[in-house]
Amino acid sequence: MCLSIYLCLLLTSAIASKRCSDLEVSSFGVMDGDQWDTTVEEVDNHLPSSSSSQGAYELNGVGEDEWQMVARKGNQFVINDQPFYVNGFNTYWLMVFAADQSTRGKITEVFQQASSVGLTVCRTWAFNDGQWRALQKSPGVYDEDVFKLALDFVVSEAKKYKIRLILSLTNNWDAYGGKAQYVKWGKATGLNLTSDDDFFSHPTLRSYYKAHVKAVLNRVNTLTNITYKDDPTIFAWELMNEPRCTSDPSGDKLQSWITDMAVYVKSMDAKHLVEIGLEGFYGPSAPDRAQFNPNSYATQVGTDFIRNHQVLGVDFASVHIYADSWISQTISDSHIQFIKSWMEAHIEDAERYLGMPVVFAEFGVSSKDPGYNSSFRDTMINTVYKTLLNSTKRGGSGAGSLLWQIFPDGTDYMDDGYAIVLSKSPSTSNIISLHSARVAIFNSMCSWKCKWGCKKKNPLEAFFYHDDL
């Protein structure tokens, strides 16, 4: 499973000897054909006879003292001016599991297993509002034990495995509280609220949300003594998971909320990146792009991909991919065609209109779908990865993806149909591992003159685009 990781380790080691001191710098690209030929030949001579379990973070050649913030440079992520392309995953329930001693070990397991296949970013919830094991028991009132045992632990454990976190600050949906809980709290104080969408517009509910942002960003981790807003383990803040405002299809209400909150988060934390958490649906401001929406309803949910991401304070775009929810539950080839066109449209928009990276922050397929099989899931994942590599090789805005979702062993009862247990899915694990290796190579390169468009084909391209390990 880890052959490609070992290959990448050798490649990055060889590349390091040819770094910028020996080569002119332009924009992110690669060595010329002869240099790559030499590098690949060196690797061929050292291919292992047994597997290796090197983690992807080690492949990047970054030591503990260099664990620094991810930044944005144009339409790419960078760390120390080196490109940082993302191969990551979602596991939303980490904080709730960490709050209970009997399930706490699952956080360590999922980070260890994800790291073993080279995944470097995890997206998870930094909220649990008024629910079971709630972090925020009422507006601005927190359970210190949950903060200490749960969220502090998740952040510190992620750092141990060199996995960066995208922390989402609330939910559009009812799970774990979300905007519905904020509205309940408001009603309990006598506010005249008629819709959960009042979360976006009512000044008191906005103040509740801002108080939560302030509490999380200013939290000093009891395990690391690092304030969250100063911790490079945190990749980015997400304003909300999948915000929708169906009561206002014009998009104005949600746009106003995004504008307010993005600036507010940045005013408290100028170091970290900020993203919205959108699914990527096109709205009224871009009627010519509505053709790429999965259905007509998507235009009416109050989101507007291009307009929303032009807000001051938003650093990168987010898109989700659920062909089986949006088009038809029954598996078909049309799902693959949609995924490719959906991704390419958003990468193009991120380049043409936004000038920022785009992360496909959720993508998956449910094993409960009619016609599902693991081969289709592998094809779907490969389609996402290949589309991203096509962007990466030309320096485009496709900055990475996050699988929905990785589960450790023994958590099958939490499976919503989308769970991937790596130990039970060898073919999927191999695909993830290979893509991690490819991404790690890009992340290990500085900026060489030659682009991927060089006419001379080299052996490395076979590694980047061949499906087999």
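**View 1. Helix α15 from end to end.** In this predicted model, where local features need pLDDT of at least 70, side-chain atom pairs count only at pLDDT 80 or more, and totals for chains, interfaces and linings use all residues, here is helix α15, residues 426-444. Its 19 residues reach 27 Å from the first C-alpha to the last, close to the 27 Å expected at 1.5 Å a residue. (That expected span is 1.5 Å times one less than the number of residues in the helix; helices are DSSP runs of H or I with at least four residues, strands are runs of E with at least two, and both are numbered from the N terminus.) α15 is mostly covered, with 16 of its 19 residues buried. Buried means under 20% relative accessible area, exposed means over 50%, and partly exposed is in between, using a 1.4 Å probe and protein chains only. Residues are numbered from 1 along each chain as its sequence is written, and side-chain values use heavy atoms, with hydrogens and water left out.

View 2. By class, the second largest cavity is lined by 6 nonpolar, 4 polar and no charged residues. Here Ala, Val, Leu, Ile, Met, Phe, Trp, Tyr, Cys and Pro count as nonpolar, Asp, Glu, Lys and Arg as charged, and the others, Gly among them, as polar. On a 1 Å grid over the protein atoms alone, a cavity is a set of points where a 1.4 Å probe fits but cannot get out, while a pocket is an open set with protein on both sides within 12 Å along at least five of seven lines; lining residues have an atom within 4 Å of a point. Grid points are joined across faces, edges and corners, and a volume is the space filled by probe spheres set on the points.

**View 3. The largest pocket.** About 350 Å³ of space lies in here. Of its 17 lining residues, the closest to the centre are W173, E242, Y322, E362 and W404.

**View 4. Strand β5, wrapped up by its surroundings.** All the residues of β5 (residues 121-125), 5 of the 5, are buried, so the strand is largely enclosed by the rest of the structure. Both faces are covered: V121, R123 and W125 lie on one side, C122 and T124 on the other. β5 pairs in the parallel sense with β4 (residues 86-90) over 3 bridges, and N90 has R123 as its bridge partner. Strand β8 (residues 164-168) also runs parallel to β5, joined to it by 5 bridges, with W125 standing opposite S168. Two strands count as paired if DSSP finds at least two bridges between them.

View 5. β1 and β2 form a hairpin with 2 residues between them, and G74 in the turn has a positive phi of about 65°. The hairpin of β2 and β3 also has 2 residues between the strands; in its turn, N80 has a positive phi of about 55°.

**View 6. Helix α5 and the glycine after it.** The 12 residues of α5 (residues 105-116) should span 16 Å at 1.5 Å a residue, and the end C-alpha atoms are 17 Å apart, which agrees. Its buried residues are K106, I107, V110, F111, Q113, A114, S115 and S116. After α5 comes G118, whose phi is positive, near 85°.
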